[in-house]
Amino acid sequence: MSSEPSNPPNEGDGGKKLSKKEASKLERQRRRQEAAAASAAVSAVSIDDSPDPLAANYGDFPLDDLKSKAVSGRKWTDIGALTAELKDQEVLIRGRAQTIRAVGKKIAFIVVRKRGFTVQCVLTVAPDLVSGQMVKYATSLSKESIVDVEGVVSVPNVQIKGATQQVEVQIRKLYCISKAAPTLPISIEDASRSEAEIEKALQEGEQLVRVNQDTRLNHRVLDIRTAANQGIFRVQSQVANAFRQFLLSESFFEIHTPKLIAGSSEGGSAVFRLEYKGQPACLAQSPQLHKQMAICGDFNRVFEIGPVFRAEDSFTHRHLCEFTGLDVEMEINEHYSEVMDVVDRLFVAMFDSLNENCQKELEAIGRQYPFEPLKYLRETLRLTFEEGIQMLKEAGIDVDPLGDLNTESERKLGQLVLEKYGTEFYILHRYPLAVRPFYTMPCYDNSAYSNSFDVFIRGEEIISGAQRVHVPELLTKRAEECGIDVKTISTYIDSFRYGAPPHGGFGVGLERVVMLFCALNNIRKTSLFPRDPQRIAP
């Protein structure tokens, strides 16, 4: 029998008010004591130690049987497919033991989880079906162990609050496929809590564990098991899929460019340099040069999904040293607005696809990280850079008309656009040439500006695009002006000497799209195993 603490959680033995840190320490100590008492209670359950005639119905699965020994023909049912229509049917499921709870000597509950779905499984002692030893075995399993459960589907009369599926599985057989360590570095329950839950508990005098970002990333294999993270990375998969499918439908085709290159692809110092068989080389900052070369090779319309490397020391919420780039390049017939037309249709289709096909995933993300659905128009708003600067000036924000927008200005402009036009997704084009890469085409009527654009979601930039310089002499001049050694990109420049069509394109970071669509506060949440200036593991 557990005992209540003699003092309130925020007072010591002398009635003195404890600090938050001291109260937290006492609370953790109390929980450990309760856990130890509960464990002792389970161990103390009096079970007949004589041979169990039902022993074949439970236990650790033999390793030899997991070495692809045979094909049995058995069929496993997805936990997400367990519905009332399967009432009284026998099913076989596999998943993780999320929670295990004993009720007296003869009943145990195991919540089994897989792919974000959970089901409550019930083990009840019954003659010739379930023994007391089987219940004891079940309660000895560690959380997060992988189990096979065979049983009969039942439909309770009351709502099941601790599982996604509103049915139960009456266990007949239980086998452990893989045991998890008895003590985990982080608890999935702790890692799944929202800030609102933690703050509410604090107001009620209870100290809940808050798993910080570094701890999550250090134990990422556990962290990504939470329902929110399962949702985030399934949404990410859908973004890439929608990107690919839309472009294929628009006569683009997919290419794969090298990530080891002789010179920098973007210019500047943010380059990972290395030695390549005795020659200086670097990791590609983008597929920019090679996707343009593909256009010169008459590929007409291309796209790529692949890694991008940036060696910048950016300790911000939205920068990574390695991310997944979604890149597009295409021939232009008359105007770079043709590229913006593709951006418009592509992202409206993508957002529609996410809202239609990822409802459960978005709900799971929203439970831990609440957010408002993205506001976007059927025809994407386009503003010139000068129009954006004017809106900022009218709002009292002083901005260099020929400089780039800083993060604060971008957010303010996003707020102004939302208030005036009712959208959080828009295109800002005709940027100053001085702030764009060397391969950007200058405007015909004012060489201080360029045929380029950025695209914003919720006040943050996600896409950078432009018409490219396809004339080798102008390209050489622009590279030299940007401090790039022309010798290192000679093969790139030479590709334009053999006849090159006017063309343009854009690039977008996959992780940033997901972060901003779901209004998450840090890009590390949408990178499976993030690489930033301080992290190269796990």
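At 1% relative accessibility, Asp148 counts as buried, where buried means under 20% relative accessible area, exposed over 50% and partly exposed in between, with a 1.4 Å probe and protein chains only. The model is predicted: local features need pLDDT of at least 70, side-chain atom pairs count only at pLDDT 80 or more, and totals for chains, interfaces and linings use all residues. Residues are numbered from 1 along each chain as its sequence is written, and side-chain values use heavy atoms, with hydrogens and water left out.

Asp148 belongs to strand S5, residues 146–154. Helices (H or I, at least four residues) and strands (E, at least two) are DSSP runs, numbered from the N terminus. The side chains of Asp148 and Trp76 are joined by a polar contact of 3.3 Å. A polar contact is a pair of N or O atoms within 3.5 Å; within protein, one must be able to donate a hydrogen and the other to accept it, and residues adjacent in sequence count only if both atoms are side-chain atoms. Apart from neighbours within four places in sequence, Asp148 is in contact (heavy atoms within 4.5 Å) with Trp76, Leu92, Ile93, Arg94, Lys173, Leu174, Tyr175 and Ile177.

## The chain as a whole

The chain contains 15 helices and 17 strands. Of its 538 residues, 48% are buried. Among contacts with a separation of 6 or more, 69% are between residues 24 or more positions apart.

The largest nonpolar core has 57 residues, of which Phe347, Phe453 and Phe506 touch the most other members. A second, separate core has 27 residues, including Ile110, Cys121, Val130 and Val153. A nonpolar core is a set of buried Ala, Val, Leu, Ile, Met, Phe, Trp, Tyr and Cys residues joined through side-chain atoms within 4.5 Å. In soluble globular proteins, nonpolar side chains tend to be buried together.

## The eight-stranded sheet

An open sheet of eight strands runs in the order S7-S11-S12-S17-S16-S15-S14-S13, with mixed pairing. Strand S7 (253–254) and strand S13 (381–384) are the edges; each has a single partner strand, so one side of each is left without a neighbour in the sheet. S13 pairs in the parallel sense with strand S14 (residues 425–429) over four bridges; two strands pair if DSSP finds at least two bridges between them. Within this pair, Leu383 stands opposite Leu428 in S14.

Helix H8 (residues 288–296) packs on the sheet and touches strand S11 (301–309), strand S12 (322–331) and strand S17 (503–509). The direction of H8 makes about 25° with that of S12. Helix H11 also packs on the sheet, touching S13 and S14, and its direction makes about 85° with that of S13. Axes are lines fitted to C-alpha atoms, for helices over the stretch in contact, and angles run from 0 to 180 degrees between N-to-C directions.

## Helices H11 and H12

The axes of H11 (residues 385–394) and H12 (residues 407–421) come within 10 Å and cross at roughly 90°. H11 is therefore roughly perpendicular to H12; angles under 35 degrees count as roughly parallel, over 145 as roughly antiparallel, 65 to 115 as roughly perpendicular and the rest as oblique. On the H11 side, Gly388, Met391 and Leu392 make the contact. H12 contributes Ser409, Lys412, Leu413, Leu416, Val417, Lys420 and Tyr421.

## The three-stranded sheet

Three strands form an open antiparallel sheet in the order S8-S10-S9. Strand S8 (260–261) and S9 stand at its edges with a single partner strand each, so one side of each lacks a neighbour in the sheet. S8 pairs with S10 over two bridges, and Leu260 stands opposite Leu283 in S10.

S9 (residues 273–276) and S10 (residues 279–283) pair over four bridges, with Ala281 in S10 as the bridge partner of Leu274. These two strands form a hairpin with two residues between them, and Lys277 in the turn has a positive phi of about 55°.

## Three further residues

Gln236 lies in helix H7, residues 227–249, and is buried at 16% relative accessibility. The C-alpha atoms of Gln236 and Thr526 are 7.7 Å apart, although 290 residues separate them along the chain. Beyond its neighbours within four places in sequence, Gln236 is in contact with Leu510, Glu511, Val514 and Thr526.

Thr139, in helix H2 (residues 132–140), is buried with a relative accessible area of 17%. Its side chain reaches the backbone oxygen of Lys136 at 3.0 Å. Thr183 sits in the loop between strand S6 (168–178) and helix H3 (188–191) and is exposed at 66% relative accessibility.
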